[in-house]
Structure formats: structure tokens, C-alpha cells
Amino acid sequence: MASHILDFLILGNNFGTNEMRAIWSETNRLQKQVDVEVALAKAEGELGVIPIEAANSIISKADASKLSIEQIAEEAAKAKHSLMSTINALQKQVGDAGQYIHYGATTQDIVDTATVLQLKQSFTVIERDSKLVALELKRLAKKYQYLPMVGRTHGMQALPTTFGFKLAVWLDEFIRHLQRLSEIKQRVLVGNISGAICTYASMGKLGPQVETRALTILGLNTPNIGWQAARDRFSEYASVIALISGTLGKMGNEFYNLMRTEINEVEEPFSEGKIGSTTMPHKRNPAALEGLASLTAPLLKSVALIHESMKVEHERDAMSWRAEWIALPEINLYISAQLQTALAVLKGLKINAEKMLINLSLQNGLLLSEKVMFEIGKRLGKQTAHNLVYQSAMKAFEQNRPFKDILLEDPRLNKEFTESELDAWLDPISYIGSAPEKVAQVIQYAEQCGVLACAFA
């Protein structure tokens with residue numbers, strides 16, 4: 001029976017994907033540990049550390065799919081050890097050659113390297129889905145490059161912008177995330193098979209060669225020196241995942257706000273039969289957006305736990321180590337759900353362009369106070385213009401009257417500027433600055449920088 005929401009049948013897919021759950025499942029964890037033990041035996045057999053016949057027997061007979069997790073767990077409960085029962089099960093499975101299972105290695109060699117193999121699988125999923133999110137953002141930024149909307153600061157209307165500009169900011173973030181993933185991959189996907197305190201003493205002079213060969217078989221990089229007491233690789237990985245999650249959470253929260261009834265500029269995908277409330281039948285709630293935004297907080301807490309695991313006692317301890325067993329699966333599962341949710345939202349996002357235009361005029365011209373100030377400042381000076389426009393803006397706000405009418409009532413302005421000039425300055429569509437050009441620049445960079453190469457066309 002599932003006891004963590006990640007594994008709940010009803011709610012689990014809101015917090016992780018089946019694909020990522022399979023990667024971090026107990027079955028796959030066991031498989032990867034067996035893979036490491038087999039690679040170790042193969043390397044030792046090739047280098048003459050153990051008899052080649054024993055190595056070949058281990059290679060041919062070791063089969064994680066035929067091991068009983070239940071029996072291994074039962075023995076582990078008695079042994080009070082996380083790996084010994086697995087080694088015993090493998091030894092029994094391969095027969096006489098089992099004497100050479102786990103030869104010269106320590107538990108953390110196997111568990112850490114197996115975890116990196118799981119991270120390697122996770123990397124593939126996260127890179128793939130991050131590229132797909134970036135491609136959707138690129139598509140939408142280009143589509144809405146010129147669509148005017150209100151830009152908001154401190155939660156309040158500020159100046160006109162374009163919807164494409166908002167999306168291009170996120171696209172630019174995702175390009176950096178993809179670059180970060182690419183940059184850290186070689187540092188993160190590094191195994192470790194070096195014995196009890198990373199000195200290779202139990203393997204003799206060939207120890208470093210055994211490690212290099214075993215890790216090459218597994219498709220992992222070889223460390224310069226053992227990292228049982230250096231957990232920065234996992235922390236670096238977690239930090240980059242935190243950045244990706246931060247962007248995704250921000251996107252979810254932004255769309256959540258833009259979907260508010262009173263703003264109504266976007267709506268998340270709606271499907272027939274989707275229920276918003278058990279008591280209010282009319283509700284079309286931003287359930288997907290809430291899910292997208294909500295996962296950043298727990299992910300960041302798990303990342304903090306990973307960072308805490310960098311504090312290691314002497315050459316090795318299990319206190320910090322076990323924290324990784326909790327946090328790494330959670331981080332990967334949460335980000336997998338966020339990426340998939342973001343993809344679904346971006347692919348089916350509904351844009352209410354008409355309401356965006358209406359909202360541009362919601363303040364009766366006050367949205368263009370900066371434009372008016374700079375135009376007046378060309379003749380009267382910027383600071384003088386700021387004072388005049390401020391007084392008119394506050395009056396228009398408090399009296400709930402059109403900004404233009406208040407401006408025209410000021411004799412200092414009335415004699416200097418015509419109504420037609422004010423009409424031109426108060427047109428929000430004419431004051432989006434270089435927003436469309438910057439969107440084009442980001443799209444061009446995304447296409448040229450290479451991180452979207454091999455993404456699904």
C-alpha cells in the first residue's frame with residue numbers, strides 16, 4: 001500500500017510521472033546496483049584481479065529481474081544493512097563465482113554509482129522535456145510577438161508590453177537552463193568505485209584501472225579522486241533543477257494570475273468533464289496552473305536537504321548520505337511533473353486577446369503617463385513634466401475621470417499641446433518600445449545557440 005503521495009494512484013501523477021517513477025523505483029534501484037556489481041566483476045576479470053572464469057559466470061548469471069525484492073528486504077531487516085542482503089542474493093544466484101561478487105568494493109561505491117546511473121536516466125528525461133518546453137515557448141513567443149497587453153509591476157498596471165515579450169523572457173531563461181544542464185553533465189555523471197575510503201587499497205595497484213574500466217562499461221565518467229566525502233556533484237545537479245523548477249513555478253503563478261476572472265487574459269486547457277468544484281458547478285479553476293506552481297516549494301525543500309548532505313563526517317558517514325536517498329527521487333519526480341504540466345498548458349493555452357486590449361484601457365489613459373511625461377518633457381523639461389503629469393494622474397485616479405480630460409484642463413499643458421497630440425501619446429499600442437524586436441532577438445539566439453539541437457522538430 002502506497003504511503004507517500006508520489007505513489008498514490010489517485011493523486012500521484014500530480015506530483016510525478018510514471019516514467020520518472022520507474023527510474024526511481026526500488027526495482028530500478030536494484031537493477032542499477034546489480035549493473036554496477038556486474039561491471040565491476042567484468043573489469044576485474046579483464047584486468048586479472050579476479051579469475052576471468054568467475055567474472056564471466058557473474059556476467060552471464062547475474063539477473064536483477066529474477067531476484068526477490070521481498071526476500072532481500074526481509075534479510076536486510078535482520079542484517080540492519082542496506083546492501084549486504086543484495087550481495088548475498090547475487091552470490092547465491094551466480095553459484096561458486098559468487099565469492100568474487102563485490103570484490104574490493106564498499107557499499108557506497110555500489111550505491112552511489114547506481115544512483116548516478118539513475119541520474120543519467122533522469123538527465124535524459126529532463127533535458128528532453130526542457131527542450132520541448134523551450135520549443136513551445138519559442139512557438140508562442142513568435143506567434144504573440146506583437147500582441148499588446150498590460151505589463152504589471154508590484155501587481156499593478158505599469159506600461160504596455162506584448163504577450164510575446166513575456167514568453168520570450170521565459171524562453172531566454174530556459175535556454176540558460178539547457179546550457180546549465182549541458183555544462184554540468186560531465187561533472188555529475190561520474191561514478192565512484194574505489195573501496196572503503198577511496199584509496200583502492202583492497203584492489204591492489206590495479207584499483208584505479210578497475211574503476212576506470214568498470215565506469216567505462218557503465219557509460220560514466222571517472223573521478224580524479226574518490227568522492228564519497230564530496231557530495232557537490234549531487235548538490236550542483238539539484239541546484240540546476242531548482243532553477244528550472246523556479247522558472248516553471250513562476251510561469252504557473254503568472255498564468256494563474258492572468259486567468260483570474262477580473263483579468264481573464266489567458267485560460268489553461270479545458271477538457272470536457274473537468275470539474276472545478278464539488279459545490280459550485282460554474283467554476284473553471286486553474287487546477288493545472290496551481291499544480292505547476294505548487295511543486296516548486298517542496299522541490300526547493302528537497303534541494304536544501306541535498307545541500308545539507310555536503311556536510312560529511314571524516315571520510316564517510318550515513319547521516320548525510322541517507323538524506324540523498326530521500327531528496328534525489330523527490331527532486332526528479334517533482335520536476336518531471338512540472339515539465340509535463342507546463343508542456344500540456346503551453347500546448348493548449350487559450351489567449352483572450354480581446355480582454356488584453358480591454359485591460360490596456362482599464363485606467364482611462366493612466367497606463368501611458370510615462371509616454372506623456374517624456375513628450376511634455378521635450379518642451380518643458382523632464383522633472384517639470386513629471387510633476388505636472390503626476391498631479392494630473394492623481395487627480396484622474398481619485399476622480400475616476402479620463403486622464404486626457406484632466407490633462408487638457410491644465411492651462412500649462414493646454415496651451416502647449418493639442419488634443420490630437422495627446423490622443424497619439426495615449427495609444428497603448430504605440431508604446432511597446434522594442435518589445436517585438438527583443439522577442440525576435442531571443443528567438444534567433446534560441447535557434448543559433450545549439451541547445452535546442454536534436455530537440456523534437
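## A pair within helix 7

How many residues apart are D172 and R176 in helix 7 (residues 163-188)? The two are 4 residues apart, a separation of about one helical turn. This is a predicted model, and in it D172 and R176 form a salt bridge whose closest N and O atoms are 2.9 Å apart.

D172 has a relative accessibility of 25%, which counts as partly exposed. R176 is partly exposed too, with a relative accessible area of 34%. This pair takes its place in a structure that holds 23 salt bridges.

Next, let's turn to E46, starting with its contact to K42. These residues form a salt bridge, and their closest N and O atoms are 3.3 Å apart. Both E46 and K42 belong to helix 2 (residues 26-47), where 4 residues, or about one turn of the helix, lie between their positions.

Accessibility can be read for each of them. For E46 the relative accessible area is 39%, making this residue partly exposed. K42 also counts as partly exposed, at 30% relative accessibility.

R213 counts as partly exposed, with a relative accessibility of 29%.

## A network around R128

Which residues are linked with R128 in a network of salt bridges? They are E19 and D129, which together with R128 make up the network. R128 itself is found in helix 6 (residues 107-143), and its relative accessible area of 25% makes it partly exposed.

For a sense of position, R128 can also be set against E254. The two residues are 126 residues apart in sequence. In space, their C-alpha atoms are 24 Å apart.

Notes:
Residues are numbered from 1 along each chain as its sequence is written. This is a predicted model: local features need pLDDT of at least 70, side-chain atom pairs count only at pLDDT 80 or more; totals for chains, interfaces and linings use all residues. Side-chain values use heavy atoms; hydrogens and water are left out. A salt bridge is a side-chain nitrogen of Lys or Arg within 4 Å of a carboxyl oxygen of Asp or Glu. Buried means under 20% relative accessible area, exposed over 50%, partly exposed in between (1.4 Å probe, protein chains only).
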